[in-house]
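Subject: A structure for you to look at

Hello,

Here is the structure I promised to pass on to you. Please open it beside this email and follow along as you read.

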Amino acid sequence: MAARPTINVFSLENGMVDGQVPLPCIMTAPIRPDIVHFVHYNMSKNSRQPYAVSKRAGHQTSAESWGTGRAVARIPRVGGGGTQRSGQGAFGNMCRGGRMFAPTRIWRRWHRPINLNQRRYAMASAIAASAVPSLVMARGHKVDQVPELPLVVDNSIQSIKKTKYILEALSKVGAKDDCDKASKSRHVRAGKGKSRNRRYVMRRGPLVIYAQDDGITKSLRNLPGVETSKVTRLNLLKLAPGGHLGRFVVWTKSAIKSLDKIYGTYERKGKKVGYTLPRPLMTNADIHRIMESEELKAFKKVAQRPIPRTINKSASLIKKISPYCARLKNKKSCPKKVKKIPKKEALKKTADTKDDKLEVKEAIPVTKETTPATKEAIPATKVTIPASKEKAPETKEKAPATKEAAPATKSAFPAIKEKAPASKGKGPAAKETAPATKGKAPATKGKK
């Protein structure tokens, strides 16, 4: 938004400054692209003309279905014979010459109502954006030779009735470059629209806003891309074409003066009933300029180094972050204060320690005597081996009882004897366990 107290008025005779006008309050209104886009999108729908296909389209044949049983689809088919058309499908949207799916109707909801306050807010934002050079240039307008934005000219432009003279007047204030850009941009539209009465497209040039029409509309109507509008009948579709802010606007002196009367100021209301001009949240929206100003630099802190992840390793960082943590660390490392002990107590403690040392020396031989006990425990384990030998003859006595019942089992004993020598290499324990298996083998066979 503009932030100047006054605006210069330029003369059409020589292009020099011819006076000054106070900046209207609407030029400092907040710029809201979201509201402008929403309002423009809905307003552009309100100029549509209803269209629909004919009610009879696709149904102008006497077609009937053949029914089932003829191995064809049940779609209605054209009757008769002698032509290709007879027997062809009709009426359906999948048929050649049939109707479309969901035929369009003229009672569609074509128009969109928009809140009055939203429309006024969008208008205020579009007017404020036209005073910002960066937004005007971003939209593609040629304003390199324009001395100032918003551009205000004297009221003599309202009485010019010839196109030749008004072109000369616009060239003196640097607005002719944008007019030439718009006229050279005319080209054939891409797409189907070229066959639907909208064959050519063209860029938008400057918008001239006047307070009184004394011939200005006739002189500008033949310039391609240039549009005119009365200050009391401003339209968002012209101020923000396509919903994009930043239209290059040429104001007349009387038109820009009447903005405060129409839209009001922050102190008093204008002609719009029940309307209050939206107030900006920031008086200066250029945040980068504010941050780089000398006033803020005086209070700006120096950027601190980022804290590394290995904080525990550096004692200097621990002190910066939490001094209490460093204090606890120092307490652990520092030795405890030793209390002074009287001489008598100190002598008693030394005597006690000498007695403890003597007791420790006497306890050492006791551990040596315990070692033989472990040696005696070793043969105790060996004594258990003959116990298994005594049990072996008991199994041998039971063996003859089973020999009568199963003589066929004798052939099995040689196989066991052949396996027994394989276990000899393992030790004496293997020899003693071998006969035990002999006695048990016939016992199991006898039970069978």
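This is a predicted model: local features need pLDDT of at least 70, side-chain atom pairs count only at pLDDT 80 or more; totals for chains, interfaces and linings use all residues.

Strand E8 (residues 207–210) and strand E10 (residues 249–252) run parallel and are joined by 3 bridges.

Elsewhere in the order, strand E1 (residues 6–10) and strand E5 (residues 151–153) run parallel, joined by 2 bridges. There you will find Phe10 standing opposite Val153 in E5.

While you are at E5, have a look at Pro150. This residue lies in the loop between helix H3 (133–138) and E5. The peptide bond from Leu149 to Pro150 is cis, and its omega is near 0 degrees.

Next, the helices. Which residues of helix H1 (residues 33–43) are buried? They are Ile35, Val36, Val39, His40, Asn42 and Met43. These residues cover an arc of only 165 degrees around the axis, which puts them on the same side of H1. They pack against helix H2 (116–129) and helix H7 (236–239).

Leaving aside its neighbours within four places in sequence, His40 is in contact with Leu236, Leu237, Ala240, Pro241, Gly242 and Gly243.

How do H1 and H2 sit against each other? In general, two packed helices are described by the angle between their axes and the distance between the axes. For H1 and H2, the angle is about 120 degrees and the axes are 9 Å apart. The two helices are therefore oblique to each other, and their crossing is left-handed. On the H1 side, Ile35, Val36, Phe38 and Val39 take part, meeting Gln118, Arg119, Tyr121, Ala122 and Ser125 in H2.

Thr276 is 155 residues away from Tyr121 in sequence, while their C-alpha atoms are 9.6 Å apart in space. Thr276 is found in the loop between helix H9 (259–263) and helix H10 (287–291), and with a relative accessibility of 54% it counts as exposed.

Helix H4 (residues 163–172) also has a buried side. Its buried residues are Ile166, Ala169 and Leu170. They cover an arc of only 95 degrees around the axis, which puts them on the same side of H4. The elements covering them include helix H5 (176–184) and helix H6 (216–220). Just after H4 comes Gly174, with a positive phi of about 85 degrees.

Two alanines have a positive phi as well. Ala71, in the loop between strand E3 (63–64) and strand E4 (77–78), has a phi near 60 degrees, a positive value in a residue other than glycine. Is Ala71 buried or exposed? With a relative accessible area of 83%, Ala71 is exposed. Ala102 sits in the loop between E4 and H2 and has a positive phi of about 50 degrees, although it is not a glycine. With a relative accessible area of 46%, Ala102 is partly exposed.

To finish, here is the whole protein. It has 17 helices and 10 strands, and 30% of its 448 residues count as buried. Of the contacts with a separation of 6 or more, 62% are between residues 24 or more positions apart.

Happy exploring!

Conventions: Residues are numbered from 1 along each chain as its sequence is written. Side-chain values use heavy atoms; hydrogens and water are left out. Buried means under 20% relative accessible area, exposed over 50%, partly exposed in between (1.4 Å probe, protein chains only). Helices (H or I, at least four residues) and strands (E, at least two) are DSSP runs, numbered from the N terminus. The arc is that of the directions from the helix axis to the C-beta atoms. Contact means heavy atoms within 4.5 Å. Two strands pair if DSSP finds at least two bridges between them. Axes are lines fitted to C-alpha atoms, for helices over the stretch in contact, and angles run from 0 to 180 degrees between N-to-C directions. Angles under 35 degrees count as roughly parallel, over 145 as roughly antiparallel, 65 to 115 as roughly perpendicular and the rest as oblique. A crossing is left-handed if the near helix is turned anticlockwise from the far one by less than a right angle, and right-handed if clockwise.
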